[in-house]
Amino acid sequence: MDDGGRADDPAAIGRRVLRPRLADARRALSTGAAQDARELFRPLREEAAALGLVPEESAALLGLGDCALETGDLADARDRFAEAERLLADEPLPRRAPAIRGRATAHLLAGELHYACYLLESTVDELNASGQHDPDALLLLHTASIAPYMDMGAHARAAHAAELALALAPRAGDPGLVAGAHRGVARTLLAEGRAAEAGASLDTARELYERLQLRTGLAHCHWMLGYVHAQDGDLERAERELRTARSMLAAKRAALFVVQVEVELADVLRRRGRPGAAEALLLPLLEVAELNAERGAVHAGGAHRLLGLIAEDRGDTECAEEHYCAALSLLERTGAAGDLADLCRLLGDLLRRTGRVEAALDAYRTGLGHRAAPGTTTLGPAPV
């Protein structure tokens with residue numbers, strides 16, 4: 001890479017010094033704790049800013065944003081990614097794509113699914129309109145859009161994004177992006193009932209992550225394998241993969257990801273006939289607000305849903321109703337259509353069994369209302 005100046009130019013010297021240290025910081029984030037990597041990125045950002053080295057400063061800001069995502073400080077993550085994007089305002093859009101993807105991920109983790117999709121879609125549209133068909137940038141954006149599409153119930157859009165990502169993968173220069181694409185595609189395959197293909201896609205991702213020594217990606221791969229096995233009914237393997245993911249993420253002190261995995265592990269434990277173990281995992285997460293409306297809202301709703309099921313199984317309908325209503329309050333803000341529909345069914349059934357038919361109908365109507373959205377109906381005005 002061109003140093004952009006004479007060998008004795010301060011900026012050129014700065015680049016030669018900072019770039020290996022940036023690579024070391026990125027490696028520390030991939031293999032160790034985000035808090036430790038953050039202490040490497042901070043002085044790099046300051047030194048790059050002092051020398052006026054925009055690419056190096058933006059790379060350090062991206063690193064700080066990724067550290068904040070892992071620790072669950074989503075407001076700080078959004079700020080760091082936004083700073084990186086502003087720094088690169090005069091650069092071609094593909095250079096800004098990682099910062100935009102980072103912002104979108106922060107909004108997704110906060111439960112702002114629609115805005116996450118808007119950021120990613122508008123950037124893809126702008127790239128296509130400008131003729132800047134950068135494979136790495138497009139692969140990054142299409143892969144990032146799969147999760148929010150799936151959470152919103154837009155399965156066709158998710159499948160299309162996955163199809164585009166797989167088509168781009170052979171032309172991508174970053175094998176880490178290719179691994180991420182295979183990991184994301186697994187979820188769309190599972191939604192289509194193709195569990196074996198989803199597992200094969202995750203095996204490909206796992207091999208790439210292991211070869212690249214990207215422990216964060218590898219942990220997420222185990223997490224997704226757990227999800228695939230849980231959805232497919234293989235609860236023993238699901239528990240094993242989720243425990244592996246939790247152990248790896250805990251070692252990296254990736255706080256938000258750990259508690260999200262614990263919610264999914266609690267679901268598996270309950271389904272395996274161990275409600276007490278599931279409850280023991282869930283209650284502390286909500287009591288100390290590890291999950292809330294601004295931090296992992298979809299999984300916070302899931303935690304209340306599970307606690308409602310556990311309460312209902314032991315005959316405590318009042319406690320179950322409280323948890324279902326808490327989950328509904330959280331999930332309605334996110335637009336997570338599938339989770340909302342399932343929750344409204346559970347709440348409606350509970351209300352019907354306790355003789356409150358009108359309230360049950362209201363719950364069912366709420367669930368149906370979230371399944372219908374502008375552009376999804378053939379006739380009539382857009383649903384409210």
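1. The model is predicted, and its mean pLDDT over the chain is 89, with 94% of the residues reaching 70 or more. Where pLDDT is low, the predicted coordinates should not be read in detail.

2. Helix α6 runs over residues 113-130, and its 18 residues, at 1.5 Å a residue, should span 26 Å, which agrees with the 26 Å between its end C-alpha atoms. Just after α6, G131 takes a positive phi of about 80 degrees.

3. The buried residues of α6 are L113, A116, C117, L119, L120, T123, V124 and L127. Because they cover an arc of only 160 degrees around the axis, they lie on the same side of α6. The elements that cover these buried residues include α5 (93-109), α7 (135-152) and α16 (317-334), whereas H114, D125 and A129, on the other side of α6, are exposed.

4. C117, which belongs to the buried set of α6, has a relative accessible area of 3%, so the residue counts as buried under the 20% cut-off.

5. The count of disulfides comes to zero. C344 is accordingly in no disulfide, and the nearest cysteine sulfur, that of C325, is 9.8 Å away, against a cut-off of 2.5 Å. C344 also counts as buried, because its relative accessibility is 3%.

Methods: Residues numbered from 1 in each chain as written. Predicted model: local features only at pLDDT ≥ 70, side-chain atom pairs only at ≥ 80, totals over all residues. Heavy atoms only, no water. pLDDT = per-residue confidence, 0-100. Buried < 20%, exposed > 50% of the residue type's maximum accessible area, 1.4 Å probe, protein only. Helix = DSSP H or I, 4+ residues; strand = E, 2+ residues; numbered from the N terminus. Expected span 1.5 Å × (residues − 1). Arc of directions from axis to C-beta. Contact = heavy atoms within 4.5 Å.
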